Amino acid sequence: MKKKHVLLLGGTGFIGGALVNRLHKEKVPVLVVGRADVGSLLQVLPSCSTVVHLASATTPGLSSEQPALEQSNIDLTRRLVECLSAQTETHLIYFSSGGTVYGNPARLPVTEEDTLAPMSPYGMAKAAQESVCQELRDIGHAVTILRPSNAYGPGQSLRDGFGLVRTMLEHAHMGTPLEIWGDGENVRDFVYIDDIVEATVRLIQSPQDSGTYNLGSGKGHTINQVKNLVEMACNGPVKTIHRPARGIDVRSVVLDISRLTMQLDWEPKMDLTQGVARTLDWLQRRPAGIGSWAPND
């Protein structure tokens, strides 16, 4: 059977949903398999030329309180790799985490060659899953590992402890206080959803790729700077409550994206100021009803 489909494992989330929309526009056949449907992998994989593994049942904050939850993510990746081991022509693209696997880097921006030193169970599990995927590489499979930074943009749902830009916009709208762990001077690299999708599509179009890449904006912003941008976009304050800093939180991480830029002739197009404004516009334009966020509601 000729392999044509792109399979998205965990394709119903923020990045997966945006990627599905783009692939549909490109007339690329797509299969979406959720975590609960992994039993169907053996049946559908033979028709797939590429598998994009986006599935994760945790967030950094969630597994910091319940580290054992990460085992299910590792087990899922192990199951996928076992299923793919006999399919040498299938390209695997695994989404790791550039925001957590490096810990507190000794230098910024951090490159793919720098040491992995995750500080949280979430980051540790991502690094462990990279190692599982490496086993496929070692037997000759094409395996791309992506380390994305903090994703944001239209389509991102509100999720506790995840998605700073989306969360801040919600608190600005509702007038509720946002918890900030520490002094707000932690630095993060924020990458817009369209830039993530564009890079991923280009990798799907490179079926022999087997690289490891940082995927971000290559620029750092503090949490306080993001707060200022959100306040300017919303024309109002974001109330905050500062909590003691947590041991799982990286102080500063900015990704060196030069490897991906050279490999794909790709570069991020959206700066954070414009990206925040576009995300706000999307929130305000959603239809009335469940999940609506009209300007005057």
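The model shown in every view is predicted.

View 1. Pro-109 belongs to the loop that runs between β4 (91-95) and α5 (121-138).

**View 2. Tyr-152 and Tyr-192 form an aromatic pair.** A search of the whole structure returns 1 aromatic pair. In this pair, Tyr-152 and Tyr-192 are arranged edge-to-face, with 5.5 Å from centre to centre and 70° between the planes. Tyr-152 is part of strand β6 (residues 150-152) and Tyr-192 is part of strand β9 (residues 190-192), so the pair ties together parts that lie 40 residues apart in sequence. Tyr-152 has a relative accessibility of 1% and therefore counts as buried. Tyr-192, at 3% relative accessibility, also counts as buried.

**View 3. Two arginines lie over aromatic rings.** Arg-159 is placed over the face of Phe-162, at 5.2 Å from the ring centre. Arg-286 is placed over the face of Trp-282, at 4.9 Å from the ring centre. Trp-282 is also among the α10 residues that meet α6.

View 4. Leaving aside residues up to four places away in sequence, Val-6 touches Leu-23, Val-28, Pro-29, Val-30, Leu-31, Thr-50, Val-52 and Ile-204. The C-alpha atoms of Val-6 and Val-51 are 5.9 Å apart, although the two residues are 45 residues apart in sequence.

**View 5. Helix α1 packs against helix α7.** Helix α1 (residues 14-25) and helix α7 (residues 193-204) pack at an angle of about 60°, and their axes are 10 Å apart. This angle makes α1 oblique to α7. The crossing of the two helices is right-handed. On the α1 side, the contact is made by Phe-14, Ile-15, Ala-18, Leu-19, Arg-22 and Leu-23. On the α7 side, Ile-193, Ile-196, Val-197, Glu-198, Thr-200, Val-201 and Ile-204 take part. Leu-23 and Ile-204 are also among the residues that Val-6 touches.

**View 6. Helix α6 crosses helix α10.** The axes of α6 (residues 164-174) and α10 come within 11 Å and cross at roughly 55°. The angle makes α6 oblique to α10, and the crossing is right-handed. Val-165, Arg-166 and Leu-169 of α6 meet Leu-272, Val-276, Thr-279, Leu-280, Trp-282 and Leu-283 of α10. Gln-284 also lies in α10, which spans residues 272-285. With a relative accessibility of 32%, Gln-284 counts as partly exposed. The C-alpha atoms of Gln-284 and Gly-184 are separated by 27 Å, and the two residues are 100 residues apart along the chain.

**View 7. Lys-27 has a positive phi value.** Phi of Lys-27, a residue other than glycine, is near 65°. Lys-27 lies in the loop between α1 and β2 (30-33). Its relative accessibility is 73%, so Lys-27 counts as exposed.

**View 8. Asn-235 has a positive phi value.** Phi of Asn-235, again a residue other than glycine, is near 55°. Asn-235 is found in the loop between α8 (223-234) and β12 (240-243). At 72% relative accessibility, Asn-235 counts as exposed.

Key:
Residues numbered from 1 in each chain as written. Predicted model: local features only at pLDDT ≥ 70, side-chain atom pairs only at ≥ 80, totals over all residues. Heavy atoms only, no water. Phe/Tyr/Trp six-rings, centres within 6.5 Å; stacked < 30°, edge-to-face > 60°. Helix = DSSP H or I, 4+ residues; strand = E, 2+ residues; numbered from the N terminus. Buried < 20%, exposed > 50% of the residue type's maximum accessible area, 1.4 Å probe, protein only. Lys NZ or Arg CZ within 6 Å of the ring centre and 35° of its normal. Contact = heavy atoms within 4.5 Å. Axes fitted to C-alpha atoms, helices over the stretch in contact; angles between N-to-C directions. Parallel < 35°, antiparallel > 145°, perpendicular 65-115°, else oblique. Left-handed = near helix turned anticlockwise from the far one by under 90°.
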